[in-house]
Amino acid sequence: MTLPVGFAVVLDARTRFVDGGRALLGGAPTTHLVRLTPRARRLFDGRTLRVRDAASAALADRLLELSIAHPGVDEIPPHPDPRCTYVIPVHDRPRQLDRLLAGIGPGNEVIVVDDASTGPAAIAAVAERHGARLVALPRNLGPAGARNAGLRLVRTPFVAFVDSDIVLADDTVPTLLKHFHDPRTAVAVPRITGLRTATSETWIGRYENTRGSLDLGARPASVQPGSYVSWVSTACLVARVSAIGDGFDESMRVGEDVDFGWRAVAAGWRVRFEPSVAAAHEHRARFGDWFVRKVQYGTGAHPLAVRHPRAVAPAIMAPWSAALAVAVLAQRRWSVPAAAAICAVTAARISRRLDVEGAAGLGVRLTAGGVVGTLLQTGGLITRHWWPVTAVGCLFSRRVRRAAAVAAVADVLLEYANSRVDLDLPRYWLGHRLDDVAYGSGVWLSAIRGRSAASLLPQLRRPSTSRRSGRRNGAVSRGPAPGGTP
């Protein structure tokens with residue numbers, strides 16, 4: 001399977017040309033150095049590579065595989081076979097369903113799966129009014145079961161799973177379908193933004209519209225466990241029917257979307273996050289509903305840990321990152337010099353491995369990025385996944401109190417300063433902390449029910465030190481740099 005002529009990839013925003021343009025440095029979840037032969041360098045037009053022949057197709061595929069580049073949807077033509085069936089699971093949301101179907105419009109194949117609504121007549125009337133096929137389930141199966149019931153009736157090459165509380169833009173699904181020019185792509189998802197309604201102007205609604213759990217940011221990504229976009233939601237998702245088998249795990253009421261994507265990745269398929277298009281989601285705006293839903297999200301942790309033990313860790317660190325975290329948390333006289341020594345050794349190791357012009361500066365930059373990532377992950381453990389332990393520790397330890405205070409303030413200030421937030425800082429801080437408490441509570445509940453702490457334990461992963469290199473149609477991959485993600 002090769003990328004077709006005309007397919008285009010664009011370098012990730014954090015990928016950089018190094019060594020005078022003779023190499024590329026970037027990628028996720030691990031940073032890679034890819035050396036370019038003169039022939040390979042000539043294939044680029046600025047930061048864009050368009051597939052013209054077998055050599056450019058192989059190089060583009062390699063860059064996609066390493067997350068050094070992403071499909072340039074603005075440069076890719078529409079898919080030649082855009083037949084797609086919309087599958088919409090719904091449970092007692094006739095108003096939202098009517099709004100969604102009106103946005104999809106006539107001429108599309110639509111299957112509405114009524115997941116045993118208490119008011120089925122209203123759902124049936126909406127489906128009939130818009131010419132959608134209705135599947136009424138005799139008992140409630142949950143989102144996974146409802147989607148699978150619709151999937152079994154799909155006869156088109158692509159399926160769009162769309163929740164009833166979504167509003168679609170006209171270009172969302174057509175743009176996502178462009179990704180399927182890549183024969184290895186199984187799933188493509190848009191950015192999930194907040195839908196402003198008359199009921200969403202509560203302070204918690206404004207917080208959620210700014211920092212919704214389903215909003216994964218503005219940077220395109222190849223979705224992989226441990227990467228900066230490690231999972232995607234099925235609130236809106238387009239999939240290649242031949243790649244997804246029987247669909248979702250019906251035994252999961254929460255986290256089935258994460259499991260769905262991770263199984264596709266484990267099977268060798270690509271899952272693409274495309275934030276250039278969006279689907280607006282009607283978030284919960286009442287505090288009680290919102291808080292309970294956040295707890296429910298957390299309860300998916302243990303089932304995911306059982307199915308994907310290496311993917312669900314609350315933090316993933318290299319040994320040097322873990323040592324740095326320990327040194328910082330110790331808050332001893334030796335902490336600062338120890339942390340400085342760890343960073344200096346790491347930067348030196350990265351510089352030696354890169355072996356390019358300006359390697360020392362790149363080593364420092366990559367190490368600095370790793371330090372920031374380490375501190376953010378450590379803060380997340382303190383305030384989110386391990387907050388019950390933190391709360392108990394604060395009762396007995398001044399050092400724990402100091403660490404908790406810094407962690408509880410630093411991430412909010414950083415986010416608030418770098419985001420357009422339609423909420424004052426005190427309420428944004430409160431929403432953030434309650435968000436963490438709710439989700440962390442769900443994780444602990446699932447761990448207790450499952451009698452396993454697997455979903456609470458961070459993982460140490462030693463970056464590969466392989467120096468194997470091989471020519472791949474003009475590129476030479478040197479393997480990952482030891483510093484991890486920049």
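**View 1. Helix H7 meets helix H16.** Trp203, Arg206, Tyr207, Thr210 and Arg211 of H7 touch Arg427, Tyr428, Leu430, Gly431, His432, Leu434 and Asp435 of H16, where contact means heavy atoms within 4.5 Å. This is a predicted model, in which local features need pLDDT of at least 70 and side-chain atom pairs count only at pLDDT 80 or more, while totals for chains, interfaces and linings use all residues. Residues are numbered from 1 along each chain as its sequence is written, and side-chain values use heavy atoms, with hydrogens and water left out. Helices (H or I, at least four residues) and strands (E, at least two) are DSSP runs, numbered from the N terminus. H7 covers residues 203-211 and H16 covers residues 425-450; their axes come within 10 Å and cross at roughly 75°. Axes here are lines fitted to C-alpha atoms, for helices over the stretch in contact, with angles from 0 to 180 degrees between N-to-C directions. H7 and H16 are therefore roughly perpendicular to each other; angles under 35 degrees count as roughly parallel, over 145 as roughly antiparallel, 65 to 115 as roughly perpendicular and the rest as oblique. The residues of this contact divide into five nonpolar, three polar and four charged. In this grouping, Ala, Val, Leu, Ile, Met, Phe, Trp, Tyr, Cys and Pro count as nonpolar, Asp, Glu, Lys and Arg as charged, and the others, Gly among them, as polar.

**View 2. Helix H15 with helix H14.** H14 (residues 387-394) packs against H15 (residues 398-417) at an angle of about 130°, and the axes are 8 Å apart. That angle makes H14 oblique to H15. To find the contact, look for Thr390, Gly393 and Cys394 on H14 and for Val400, Arg401 and Ala404 on H15. By class, these are three nonpolar, two polar and one charged residues. The crossing of H14 past H15 is left-handed, a term used if the near helix is turned anticlockwise from the far one by less than a right angle, with right-handed used if clockwise.

**View 3. Helix H15 with helix H13.** H13 (residues 359-385) also packs with H15: the axes come within 9 Å and cross at roughly 120°. H13 and H15 are therefore oblique to each other, and their crossing is left-handed. H13 contributes Leu376, Gly379, Ile382 and Thr383 to the contact, and H15 contributes Ala403, Ala404, Ala407, Ala408 and Leu414. Seven of the contact residues are nonpolar, two are polar and none is charged.

**View 4. Strand S8, enclosed by the structure.** Seven of the seven residues of S8 (residues 84-90) are buried, so this strand is largely enclosed by the rest of the structure. Buried means under 20% relative accessible area, exposed over 50%, and partly exposed in between (1.4 Å probe, protein chains only). In a regular strand the side chains alternate between the two faces of the sheet. Here, Cys84, Tyr86, Ile88 and Val90 point one way, while Thr85, Val87 and Pro89 point the other way. S8 runs parallel to strand S9 (residues 109-114), joined by six bridges, and Thr85 has Glu109 as its bridge partner in S9. Two strands pair if DSSP finds at least two bridges between them.

View 5. Two bridges join S5 to S6 (residues 48-50), and Asp45 has Thr48 as its bridge partner in S6.

View 6. Ser67 sits in the loop between H2 and S7 and has a positive phi of about 60° although it is not a glycine. Ser67 is buried, with a relative accessible area of 3%. Asp19, in the loop between strand S2 (16-18) and S3, has a phi near 55°, a positive value in a residue other than glycine. At 12% relative accessibility, Asp19 counts as buried. Pro29 lies in the loop between S3 (23-26) and strand S4 (32-36), and the peptide bond from Ala28 to Pro29 is cis, with omega near 0°.
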